[in-house]
Amino acid sequence: MKQLILLLTAMNLFGADFIPNTQMHVVLQPSKNLVWQDDAPSSERQMSYKSAMAYCETLDYIGVTNWRVPNTVELYSLMDVSRTPTISSAFAHTASGCYWALHDSMKGHTGIIDFSNGMKKSSQGFEQMCRVRCVSNLK
């Protein structure tokens with residue numbers, strides 16, 4: 001974790017948007033102080049919204065235990081519409097299709113970002129099958 005924080009601090013000084021760490025299978029996002037899961041299972045497994053929440057909340061990956069489902073703003077920040085799938089090329093493990101974002105309790109809907117076409121969606125289908133890319137805050 002200390003290595004990630006040092007790398008994040010150094011890269012933030014140079015203004016990098018995304019920094020992939022292929023050894024640890026994560027992508028750092030210095031501008032938002034976030035680290036994103038980037039292992040093969042994050043692009044392969046599909047699950048319901050509730051399963052995605054439970055998965056991220058119990059994830060112990062690279063010594064980090066405070067993973068969570070990203071909110072729609074965070075997840076949308078990964079978008080790169082110049083390519084397909086429409087996710088930043090910093091991510092080695094990606095798939096087209098829907099990815100879960102945090103539930104908007106005010107509206108009773110879940111957030112979904114579709115990386116096959118770059119669209120934000122709202123769904124009342126908590127049992128719909130989508131992928132999840134867990135995120136963690138770095139301090």
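1. Let me start with helix H3 (residues 49–58), where Tyr-49, Ala-52, Tyr-55 and Cys-56 are the buried residues. Buried here means under 20% relative accessible area, exposed over 50%, and partly exposed in between (1.4 Å probe, protein chains only). Helices (H or I, at least four residues) and strands (E, at least two) are DSSP runs, numbered from the N terminus. The four sit on the same side of H3, because they cover an arc of only 120 degrees around the axis; that arc is taken from the directions from the helix axis to the C-beta atoms. On the other side of H3, the exposed residues are Lys-50, Glu-57 and Thr-58.

2. A word on what we're looking at: this is a predicted model, in which local features need pLDDT of at least 70 and side-chain atom pairs count only at pLDDT 80 or more, while totals for chains, interfaces and linings use all residues. Residues are numbered from 1 along each chain as its sequence is written, and side-chain values use heavy atoms, with hydrogens and water left out.

3. Now the overall picture. The protein has four helices and seven strands, and along the sequence they come in the order α-β-β-β-α-α-α-β-β-β-β. Of its 139 residues, 45% count as buried. Take contacts (heavy atoms within 4.5 Å) between residues at least 6 apart in sequence: 61% of them join residues at least 24 apart.

4. Strand S3 deserves a look. It is covered on both faces, with Leu-34 and Trp-36 buried on one side and Val-35 and Gln-37 buried on the other. Strands count as paired if DSSP finds at least two bridges between them. S3 runs antiparallel to strand S2 (residues 26–29), joined by four bridges, and Val-27 stands opposite Trp-36. The S2–S3 hairpin has four residues between the strands, and Asn-33 takes a positive phi near 55 degrees there. S3 also runs antiparallel to S7, through three bridges, and here Val-35 stands opposite Ser-136.

5. On to the cores. A nonpolar core is a set of buried Ala, Val, Leu, Ile, Met, Phe, Trp, Tyr and Cys residues joined through side-chain atoms within 4.5 Å. The largest has 22 residues, and Tyr-55, Trp-67, Trp-100, Val-132 and Cys-134 touch the most other members. S2, H3 and strand S4 (98–104) each supply at least two residues of this core, and H3 gives the most, with four. Leaving aside neighbours within four places in sequence, Tyr-55 is in contact with Gln-37, Arg-45, Met-47, Val-132 and Cys-134. Apart from this core lies another, of 16 residues, including Ile-87, Ala-95, Ala-101 and Phe-115.

6. Finally, the salt bridges (a side-chain nitrogen of Lys or Arg within 4 Å of a carboxyl oxygen of Asp or Glu): there are two. Arg-133 pairs with Asp-38 at 3.3 Å, N to O. This pair links distant parts of the chain, 95 residues apart: Arg-133 is in the loop between strand S6 (119–123) and strand S7 (135–137), and Asp-38 is in the loop between S3 (34–37) and helix H2 (40–44). Both Arg-133 and Asp-38 are buried. Arg-68 and Glu-74 form a salt bridge at 2.7 Å, N to O. Glu-74 counts as buried, its relative accessible area being 11%.
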